[in-house]
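Here is a friendly briefing to read with the model open beside you. Take the topics in order and look for each part as you go.

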Amino acid sequence: GGGGAWEYLCLVRKLKVRRSEKVLKYGLSILNDPKKRSALGPEEWTLYEQLAIAAMDCQCLDVAKVLVDSRLIKLPDVNSCNLKLQDCIKVLHKKFPESKRVVDASYIKLLLNILANVLPIALCGFILLWSTGRLDCMLLEAKGSWAEAEKAYSSLLEDNPLDQVIHKRRVAMAKAQGNISVAIEWLNKYLEIFMADHDAWRELADIYLSLQMYKQAAFCYEELLLSHPTVPLYHLTYADVLYTLGGLENLQTAKKYYASTIDLTGGKNTRALLGICLCTLAIARLSKGRSKDDKESPELQSLAAKVLEKEYKQRAADKLGLLTSALRSLKI
Amino acid sequence: AVNGILLGRVNPQNDGVVEITDSVPLFHSNLALLPSLEIALIMIEEHYGSKGLGIVGYFHANERFDDAELGIVAKNIGDHICRYFPQAAISLLDNKKLEALPMGKDQSPVMQLYIRDASKNWKLAGPDGGSRLVIKEPAANAVLSDYISSEKWQDVVDFDDHLDDIKK
């Protein structure tokens, strides 16, 4: 491969993180070095695609165009293999002009021969055409040619109605143009089909939050918690949303989810610890005058406060004063 | 979107002037959630109170380049800030002006000022009198340009960063 740079690129792909500037820098360094480039072999394709997307993200659209077009240069292979396929089909028809049910041994041999030789190339060619088509659409999108991109994506969708990436790019385009209600509608439709896509649920929740539609955002997080009950981030954000919604029941549930976050993160999550303190104070304010049975024990809050103070003392001693006075104003 | 708190004080000689002397960057995700905002405000008030400064405003930058509107989240946080300081203002980043910064010699601020009117609605402070945003230092935009080209934003640590890692 291309040494450390290639490993970095593979890691970025594997973890699905967005580090477009670095990807572009390292990727181009591989491409500009002919030795490293040839060492990649068939992986060169993956590199082109990754780089094209990174270039679009960094608004280096001319670089992106070159990368997308370079993939098309290899397409003559696909064309020649198409011709081979057509020749094979002609031979088959000649040999078996009428047979629809008769299965001849030599027919099978010929078919297997074709499959073994031509299909891999045809398949690669198909994937190449299809993913290049997608890259072309993304390039239009990156340029801001919304109408053209929308047309291109729609036509791709006709052939591949279950392509998740294309569906999501359309939602992204709606969001980028500020059509938030359209984005919400399409994202909801997408999630009806692909309800396991947790990134999409989070994106929908984010959009709802930006519109202060907290109940709807809470619903998204409830879906996430159902399918991924051990991801602390979902517990934490759900608690945050419930706290923001307010009301005694929501606050009590929020406190439980802050507690479960602390449980899942081994007690180290600063936000969750602070959340406990905030919840306790808010609950106490709301339940003033209620019977003693409804009052919660202050143990959880004082435990959380103690852990926070310890953490700050150990790792952020210069800010300990700030924390202590903040905690003071949160005590009932 | 990102946001921040503006700190300062009322000018002791002229109570029609609010001086903004410092700011604290707040969040770059989930701006609409209350818990972190409440904690941040408590800590900021405490820290700056001892220096004689108070919360005087709120800064907001939209995520889309074309979006020049003061969104609902920004307005609500602005209302929240007004509880601390009734004359509080919102400063919204003007994306187009920011883009034009390295090219021109424009010394006007790259932000738009919003003030709350009598019916508690946020209105853009126009050139027709009322309120104005004035930069004290004329070379401020040059300094900003410089910071942008030297990628100084990489050094910015906001409250979100602090909550993720209290060492920051």
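The expected span is 1.5 Å times one less than the number of residues, and helices are DSSP runs (H or I, at least four residues) numbered from the N terminus. This is a predicted model, where local features need pLDDT of at least 70, side-chain atom pairs count only at pLDDT 80 or more, and totals for chains, interfaces and linings use all residues. Residues are numbered from 1 along each chain as its sequence is written, chains are lettered from A in the order in which they are written, and side-chain values use heavy atoms, leaving out hydrogens and water.

**Around helix α4(A)**
- Ten of the 14 residues of α4(A) are buried, so the helix is largely enclosed by the rest of the structure; buried means under 20% relative accessible area (1.4 Å probe, protein chains only).
- Among the buried residues are Leu47(A), Tyr48(A), Leu51(A) and Met56(A).
- After α4(A) comes Gln59(A), with a positive phi near 60°.

**Where the chains meet**
- In chain A, 31 residues are in contact with 25 residues of chain B (contact means heavy atoms within 4.5 Å).
- About 2500 Å² is buried between chain A and chain B, with 59% given by carbon and sulfur atoms; buried area is the accessible area (1.4 Å probe) that two parts lose on being put together, summed over both.
- Arg271(A), Arg315(A) and Leu322(A) supply 24% of the area that chain A buries against chain B, more than any other three residues.

Key
Buried means under 20% relative accessible area, exposed over 50%, partly exposed in between (1.4 Å probe, protein chains only). Helices (H or I, at least four residues) and strands (E, at least two) are DSSP runs, numbered from the N terminus.
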